[in-house]
Amino acid sequence: MKSLVFCCVFVNCFVMSLCVNQAVDVNTVIETVPGQNGCLSLAKGVELFEKIGKMIGRKFEQLYNEEKQKVADGNMIGRKFEKLYNEEKQKVADGNMIGRKFEKLYNEEKQKVAILNNQISDVTKEMNTCNDFRKITTMRESSVVVQKDYSTPQLKKCGVGMQDINKINDSQITGSSMWDENHGPQYGRLFATRGIKAWCSQNGKVIGQWICVDLKKDIQIIGVVTAGRPPLLLSPTYRLYHKQWVKTFSMEYKTDKSNKLNSFLDPTGKVEVFQGNTDMTTPVVNIFRFPITARWFTIRPIDYNNWISMQFDLLVC
């Protein structure tokens, strides 16, 4: 009898403890499991424990599902933030790529400017050299010229050798630049038959271009003849783009045993401006007022039509 009372008290206390801790109505639990004399039998107690365990299990399952849902929501938010982060990261990468492209373009343009500045500097140095020479030289060769008509046979007879590769080879003719190998200075011979039949500079619109012939020894020259770039009849663009000739130019010369570069000067001491061509095919002859004996002769185009392109020869008669 004492054991039974102790059991009833223990079960009731345990039930109340569980109900209080889990917020379960004690009366509800006990009413669902009727007993005798206010005490639970062992079987009823087990049943009660099972019911209480299921109730507590459902409560924990509910809490678990709620926490699980919170975690799922958190993961979804995390994925959204990760997606936004990756999008912003891609924008930054795209921006960096664009930045690198602009930097590359900037460096290329900067290099072009540097090359142009170097060219301008070289031209300035040459001009200063000529100016210094004019100040110290006592020889003021006047190159007042007259234009004279020559027939084609006369031009071929009186040429210094530019028209004949056996007399003046390609290596003796140099230039400041060329459009490509087919437009080199070696093709700038009067009545040329090779290449595009004329010299065409690469920087066709930049001041400071020149073409020079080395005669290998001092030769007396009385004049110069120039012509434009011959038309290419098979080219559909020659009518517009290949109408190229030099309108005006200056000249320089240097003797075999001298390092001084002499400009052709007018009577006032200024650089002589020679009148060049007005079309592609007609040779124009400029006769010097006084013959000039030298080894190197240089032509510097000043004004041109469309592009710096020309043929030339030096005259000995």
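Partly exposed means a relative accessible area between the buried limit, under 20%, and the exposed limit, over 50%. The exercises below use a predicted model.

**Exercise 1.** Classify Asp170 and Arg194 as buried, partly exposed or exposed, and state where each residue lies.

Solution.
- Step 1: Asp170 has a relative accessible area of 25%, so Asp170 is partly exposed.
- Step 2: Arg194, at 32%, is partly exposed.
- Step 3: The two residues form a salt bridge, with 2.7 Å between the closest N and O atoms.
- Step 4: Asp170 sits in the loop between helix 4 (152–158) and strand 2 (173–175), and Arg194 in the loop between strand 2 and strand 3 (199–200), so the pair ties together parts 24 residues apart in sequence.

**Exercise 2.** Find which parts of the chain the salt bridge of Asp256 and Arg295 links, and which network the pair belongs to.

Solution.
- Step 1: The side chains of Asp256 and Arg295 meet at 2.8 Å, N to O.
- Step 2: Asp256 is in the loop between strand 5 and strand 6 (262–263), while Arg295 is in strand 8, 39 residues apart.
- Step 3: Arg295 counts as buried at 15% relative accessibility, whereas Asp256 is partly exposed at 33%.
- Step 4: Salt bridges with shared partners join Asp256 and Arg295 with Asp214 and Lys216 in one network.

**Exercise 3.** Describe how strand 8 (residues 284–305) pairs with strand 4 (residues 211–227) and with strand 5 (residues 245–254).

Solution.
- Step 1: Strand 4 and strand 8 run antiparallel, joined by 11 bridges; Thr226 has Val284 as its bridge partner.
- Step 2: Strand 5 and strand 8 also run antiparallel, with 9 bridges; Trp245 stands opposite Asn305.

Note on methods
Residues are numbered from 1 along each chain as its sequence is written. This is a predicted model: local features need pLDDT of at least 70, side-chain atom pairs count only at pLDDT 80 or more; totals for chains, interfaces and linings use all residues. Side-chain values use heavy atoms; hydrogens and water are left out. Two strands pair if DSSP finds at least two bridges between them. Helices (H or I, at least four residues) and strands (E, at least two) are DSSP runs, numbered from the N terminus. A salt bridge is a side-chain nitrogen of Lys or Arg within 4 Å of a carboxyl oxygen of Asp or Glu. Buried means under 20% relative accessible area, exposed over 50%, partly exposed in between (1.4 Å probe, protein chains only).
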